[in-house]
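Q: Could you walk me through how the two chains meet?

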Amino acid sequence: MLHQYKLNGYNIVLDVFSGSVHTVDDLAYDVISLYEKKSKDEIISEMLDKYKDDDTVTQNEISDVISDIKELETAGKLFTEDEYKDLAFDFKKNNTVIKALCLHVAHTCNLNCEYCFASQGKYHGDRALMSLEVGKRAIDFLVENSGNRKNLEVDFFGGEPLMNWDVVKQIVSYARSIEKEKKKNFRFTLTTNGVLIDDDVIDFANKEMHNVVLSLDGRKEVHDHLRKNINGKGSYDTIVPKFQEFIKRRGDRGYYIRGTFTHNNTDFTNDILHMADLGFTELSMEPVVCSPDDPYALTYDDLPILYEQYEILAKEMLEREKSGKPITFYHYMIDLTAGPCIYKRISGCGSGTEYMAVTPWGELFPCHQFVGDPKYSLGNIFDGVQNRELQNEFKLCNAYARPECKDCWAKLYCSGGCAANAYHATGSVTGVYKYGCELFKKRMECAIMMKVAEQANTK
Amino acid sequence: MKRIKTIDTRDLKYSKKTGGCGECQTSCQSACKTSCGVANQQCEKCLGNNK
């Protein structure tokens, strides 16, 4: 399967099943699109007609292009066949280790963000904080179920995890105390709204957290419109100086300034660039996940605007890179040479199988977005996964689980997409959240174009 | 090739033989939390080889 598209002056041809990317001129672009549908003579005739005003396009030249295509086909870089389908189901079925937990250390929050999928941190339940005992047991549960995997991820999440900061520190300390003996390497992440950041948080997180995710929606008026404290006051002025201090002292350790955009700020590129103006370089901006009835929900009329915004962002990032002031956008990070292997690309996001969320009382859910929905309770960290039927449903969630994805060129980049988004949009974890697919495909086109442009600039 | 330039990429078919160690990051864990993909993940093995 091929995907051909034109963006920012580049003609790009993506060979889906080999992962090959080619940049071609107009003639080759057209010949490739006809190659499987027409005979050599028909292609030559059609191209001579189309390019009759171009002296460089001769019969020999078109024949050469056809030979080049044939050569790439033989080398497994064009028109490669799909041979991964059986692999997807077998690999995930046999893969039973858990390697990541999202610890909901606080089901409570000091902000009252209107769009919060966690319902102001409570996940439609009671306010709760995770005890140290539950946190330690979660670490043991992860180690016990991680098989030979060395790298284990633990995300401190909420609600707002800094509302249970002492327990977070003690959980980290416990994990560090056992990692050598257990031959594990813990990578901790902290996701925070920033309100309670102080020197202690900065020093500890910059020593222990592999990554920190700091929530900021961009421009002050955009951020304050939806991210308010319980008295209704916007949180921008409180958190921005704290984030700046945090990152100033973080050195080269990983972080993301992470925002959410909604129908209210479809010009979200301005919010990303505002983050950059504040001195941040590692940026992430996500489309809001909410009911279509919410006033800030993205609409189908917004789509063309969002496509354009993604293009503007990609071009701006290329310019900034050229001028020596690069910024990173999470969804444009794509490593074409050292990216994921085919097993990773086909096996889905791992929710419910290798990744689970743990509530303050130790209940297990397939991921943070299913927490609070009793239908999706998997078991608990004391007795392990008990709802095997549900887990098997998630084991079958992969790049080949959905008939709608059969002919989609992007399936080896999204791996079937987000099960929670699919569930919320269609009622089934193996459904398709089409709106999300459209945005994802646009982001991939931009990300690949940027790689093509970077290679062109270096040559 | 005059009219076709091929960008350096990882050969996915070949990764059937070399991949599958599972040491890579869990897709959604690190930053997005809402719109998962695997495209922006990196291969731990490849990174190790680069060191």
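**Where chain B meets chain A**

Q: Which residue forms a salt bridge with B:Arg3?
A: A:Asp25 does, with the closest N and O atoms 2.5 Å apart. A salt bridge here is a side-chain nitrogen of Lys or Arg within 4 Å of a carboxyl oxygen of Asp or Glu.

Q: Before going on, what sort of model is this?
A: This is a predicted model, where local features need pLDDT of at least 70, side-chain atom pairs count only at pLDDT 80 or more, and totals for chains, interfaces and linings use all residues. Residues are numbered from 1 along each chain as its sequence is written, chains are lettered from A in the order in which they are written, and side-chain values use heavy atoms, with hydrogens and water left out.

Q: How many salt bridges are there between chain B and chain A?
A: The count is 6.

Q: Which parts of chain B supply at least two residues each to the side that touches chain A?
A: Strand E1 (4-7), helix H1 (15-18) and helix H2 (44-50). Helices (H or I, at least four residues) and strands (E, at least two) are DSSP runs, numbered from the N terminus. E1(B) gives the largest share, 4 residues.

Q: What does E1(B) pair with?
A: Strand E3 (residues 20-24) of chain A, in the antiparallel sense over 4 bridges; pairing requires at least two bridges found by DSSP. In E1(B), B:Thr6 stands opposite A:His22.

Q: And how many residues are in contact overall?
A: 42 residues of chain B are in contact (heavy atoms within 4.5 Å) with 83 residues of chain A.
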